[in-house]
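Welcome, and thanks for opening the viewer. Please load the model with its ligand and let us walk through it together.

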Amino acid sequence: MEKILVIGASGQLGSELTIALSSIYGEANIIAADLHKPHGEEVHPIFEHLDVIDKKTLSDIILKHRITQIYHLAAILSATGEKHPGLAWRVNIEGLMNVLDVSRDLKIKKVYWPSSIAVFGPSTPKENTPQTTITDPNTVYGISKLTGERLVEYYYYHYGLDVRSLRYPGLIGYKALPGGGTTDYAVDIFYKAIKGEQYSCFLDKDTSLPMMYMPDAVRATLEIMESDADRITVRSSYNVAAVSFSPLELYNTIKESYPEFSIEYKPDFRQEIALSWPKSIDDSQAGLDWGWNPEFDLQKMAKDMILHLKDSELIILQ
Ligand code: NAD
Ligand code: AKB
C-alpha cells in the first residue's frame, strides 16, 4: 500500500495533484503538507503543517505516516523569486536538499520534483528547444531549478534514489490560483473576461511562451511516476510541451466567448523574464521514453477553462 506525501499541496499544482492522487490511491493514503491551508477550497482531510526548510518536522511527518512516495512541489516561483531571492534559494534548494536527504535516509521508494522551462535562458535556442541544450537562466528561480536538476540526477546516480522530474511550461488551471510566476497572466486573464472587466496584461502582446492545461500536466506527472524505472532515461528533468501562444492569441481566443472583453498591455519586470524563456519546446524524448502526448490545444483549453471557471467560487473570491 502506497502512502504519498504531497509537499506544497495547497498550491496551484498541489491542490489538483492531491485530488488526482486521492482518486487513485484513496484519500486516506494521501497526506497534504504545506505552510498554509488552501484558500476557498476544501482542505484535504489529512493535512500537516510543514515548512520544508525544517528537516526534523519533515522527517517526523514521513515516519508518522509511513510515507512511501513524495511529491515535492513547494517552491518560490519566478516573479516572487526576483523580489525575494534569498527566500527563493532557501525554499527551492535547501528545501529540495532536505527532501532528497530524508528520502535517501528513510528509503522512500519514489520522489517527484518538478523543474521548469525557467532553466533555459537568453542564449538557449528559442524555437523547439531541445532536451539538452544551453541552459543559462538569469532568474534566481531558474538558477535554483537548474541546480535542482543537477541535484536530483546526482542523488539518482550516487544514492540510487528514484527521483523523477518534468520541466513544466506555464500551467493553466481553474481549481486554484497561480502563485507568483511569469506565466500567471494566462490564468488571470480568464477571471477578468468572465467578470466583464478589462485585463491589464503584464506581458507584451506578442510574447509567445510554452503553456500546458492542468489536466495534461497532472496526467504527465502521474504517467512518469507510474512508468517502469528502466523507461526513465532522463534523470535530470524531461522537457514536456503542449501548446504555445502569446497574450494576443489567448485574448483573441477568449474574445470568441466574450466579444466585449478588452485588454491593455503594460509590460513590467516579468517581460524580461518571459523573453529569456523558450517560445516552444521539443518534448520528443518524453514521447519516446514513456509515451507522453498532450491532449489540450489553445481552443480546447480556453473552452474548458471558461466552462469550469464561470461557476467556480474562486471567481467570487477573486
Ligand atoms: P504555487 O506557488 O501555487 O504553490 C507552491 C506551494 O508551496 C504553496 O502552497 C506554498 O504555500 C508552498 N510553500 C512555499 N514555501 C513553502 C515551504 N517553505 N514549505 C512548505 N510549503 C511551502 O506553485 P505551483 O504553481 O503549484 O508550482 C508547484 C511546483 O511546480 C513548483 O515547484 C514550481 O516551480 C513548479 N512549476 C510550476 C509551474 C506553473 O506554471 N505553475 C511551471 C513550472 C514549474
Ligand atoms: C513561472 O512563471 O515562474 C512558472 C514557471 C514557468 O515555472 N509558471
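**Stop one: the sheet**

Start by selecting β6, β8 and β12: these 3 strands form an open sheet in the order β6-β8-β12, with parallel pairing. Colour residues 115-116 for β6 and 238-239 for β12, the edge strands, each of which pairs on one side only. Keep in mind as you go that this is a predicted model.

For one residue pair to look at, pick Ser116 and find Tyr168, its bridge partner in β8.

Now show helix α7, residues 214-226. This helix packs on the sheet and touches β8 and β12. Turn the view to compare directions: that of α7 makes about 175 degrees with that of β8.

**Stop two: the ligand**

Select ligand 1 and display the residues around it. Which of the 27 come nearest? They are Gln12, Leu13, Asp34, Tyr141 and Leu171.

- Leu171: a polar backbone atom is 2.8 Å from an oxygen atom of ligand 1.
- Lys145: here a polar side-chain atom lies 2.9 Å from an oxygen atom of the ligand.
- Leu73: a polar backbone atom is 3.1 Å from an oxygen atom of ligand 1.

How much of ligand 1 does the protein bury? Taken alone, the ligand exposes 820 Å², and the protein buries 92% of that.

Technical notes:
Residues are numbered from 1 along each chain as its sequence is written. Chains are lettered from A and ligands numbered from 1 in the order in which they are written. This is a predicted model: local features need pLDDT of at least 70, side-chain atom pairs count only at pLDDT 80 or more; totals for chains, interfaces and linings use all residues. Side-chain values use heavy atoms; hydrogens and water are left out. Two strands pair if DSSP finds at least two bridges between them. Helices (H or I, at least four residues) and strands (E, at least two) are DSSP runs, numbered from the N terminus. Contact means heavy atoms within 4.5 Å. Axes are lines fitted to C-alpha atoms, for helices over the stretch in contact, and angles run from 0 to 180 degrees between N-to-C directions. A residue is near a molecule or strand if one of its heavy atoms lies within 4 Å of it. A polar contact is a pair of N or O atoms within 3.5 Å; within protein, one must be able to donate a hydrogen and the other to accept it, and residues adjacent in sequence count only if both atoms are side-chain atoms. Accessible areas come from the Shrake-Rupley method with a 1.4 Å probe; for residues, only the protein chains shown count as cover.
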